[in-house]
Amino acid sequence: MVEGEILVVEDLRKYFKTAQGVVRAVDGISFSIKEGETFGLVGESGSGKSTTAFTIMGVYEPTGGRIFFKGKPLIGGVKKRPLSLKKDMQMVFQDPGSSLNPRKSIREIIELPLKVHKLYRGKERKRAEELLRMVGLPVEFLDRYPRAIGGGEKQLVAIARALATEPSFIALDEPTSALDVSMQAKIINTLLRIQEELNLSYLFITHNLSLMRNVASRVGIMYLGKLLEVAPASEFFHKPLHPYTKMLLSSVPVITEEEEKLKPKKIVSRGEIPSPVNVPPGCTFHPRCPECMEVCSKKEPVMIEIEPGHTVKCHLFNS
Ligand code: SF4
């Protein structure tokens with residue numbers, strides 16, 4: 001483990017047995033997250049990015065591989081993890097509507113983790129007020145119920161609840177995708193401000209590449225359970241290497257002329273993401289790749305480092 005890294009994932013695998021066959025939802029991925037940074041995981045629906053977050057958080061037990069948090073291995077699923085670890089690692093889910101108990105008041109929702117972890121005893125209300133202020137909500141919200149507030153406000157309550165235990169790491173699973181654009185901006189600004197104030201580390205999961213440009217310090221791109229490219233955000237957007245990254249970036253809307261010049265030429269996608277129970281041999285992207293070569297359907301490429309911190313898994317770069 002390199003100094004300054006809070007989370008290290010090595011060869012992580014999570015397979016599910018289904019009636020149709022084995023789904024390799026996460027299939028041998030490795031990456032790390034540094035203290036105080038946002039690592040963005042991007043991919044189309046079904047790429048395995050949410051399963052990666054759920055496995056790191058212990059919702060699923062890994063099929064294989066290793067996860068280290070603050071230098072210590074995480075063993076098994078959430079039931080086997082010590083309470084201190086659950087306090088230090090939190091998660092915010094995509095749908096704030098279903099992640100908040102409709103029968104509990106906002107105060108009860110935020111105070112629950114304080115009670116579970118025996119924090120701020122006798123001062124729970126004061127702490128709940130402080131958390132609401134931290135996320136930019138009025139303290140009067142404490143006596144309301146989730147049904148009486150909007151979707152964006154619900155997500156801010158979910159963020160306040162995640163912050164209650166003073167974690168150092170938060171997994172954010174598509175935290176803005178269910179919200180309108182103005183509320184998305186408010187949530188992102190709140191997350192970035194809090195990160196700066198508390199030196200939090202984020203795993204930020206989204207299918208929205210434009211959003212990643214403003215949020216992540218480093219980005220990893222997933223496809224059919226595998227990581228295809230990892231790079232610092234500036235290189236990822238200005239010097240993408242993998243044909244799949246280029247394909248996705250070529251369809252991202254940009255605002256400035258400078259961004260338009262840097263954008264890869266429009267690459268038309270060949271077909272849809274294949275079924276995860278019937279993954280193509282060799283490079284899993286080969287049926288859709290405009291640069292596919294003979295070797296690509298026969299042999300899986302290995303991940304190699306092209307520049308410090310910029311790795312890619314493609315035969316175009318495997319000599
Ligand atoms: Fe395309 Fe081949 Fe690279 Fe896969 S390995 S992305 S098929 S060029």
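**Exercise 1. Determine whether strand β8 (residues 201-206) is enclosed or open, and identify its pairing partners.**

Step 1. Since 6 of the 6 residues of β8 are buried, the strand is largely enclosed by the rest of the structure.

The model is predicted: local features need pLDDT of at least 70, side-chain atom pairs count only at pLDDT 80 or more, and totals for chains, interfaces and linings use all residues. Residues are numbered from 1 along each chain as its sequence is written, and side-chain values use heavy atoms, with hydrogens and water left out.

Step 2. S201, L203 and I205 point one way from β8, while Y202, F204 and T206 point the other way; all are buried.

Step 3. Strands are DSSP runs (E, at least two residues), helices likewise (H or I, at least four), numbered from the N terminus. Two strands pair if DSSP finds at least two bridges between them. Strand β3 (residues 38-42) runs parallel to β8 and is joined to it by 5 bridges, with V42 opposite T206. Strand β7 (residues 169-173) also pairs with β8 in the parallel sense, over 5 bridges; here I170 has Y202 as its bridge partner.

**Exercise 2. State the strand order of the open sheet of 4 strands and locate its edges.**

Step 1. The order is β2-β1-β4-β5, with antiparallel pairing.

Step 2. The edge strands are β2 (21-34) and β5 (72-73), each of which pairs on one side only.

Step 3. Within this sheet, β1 (residues 5-18) and β4 (residues 64-69) are antiparallel and share 5 bridges. E10 stands opposite R66 in β4.

**Exercise 3. Describe the cover of helix α1 (residues 49-56).**

Step 1. Of its 8 residues, 7 are buried, and the helix is mostly covered.

Step 2. The buried residues are K49, T51, T52, A53, F54, T55 and I56.

Step 3. Just after α1, G58 takes a positive phi of about 90 degrees.

**Exercise 4. Characterise the residues around the ligand.**

Step 1. Taking residues with a heavy atom within 4 Å of the ligand, the shell consists of H242, P243, C283, F285, H286, C289, E291, C292, C296, C314, H315 and L316.

Step 2. Classes are assigned as follows: Ala, Val, Leu, Ile, Met, Phe, Trp, Tyr, Cys and Pro are nonpolar, Asp, Glu, Lys and Arg charged, and the others, Gly among them, polar. The shell then has 8 nonpolar, 3 polar and 1 charged residues.

Note on methods
Buried means under 20% relative accessible area, exposed over 50%, partly exposed in between (1.4 Å probe, protein chains only).
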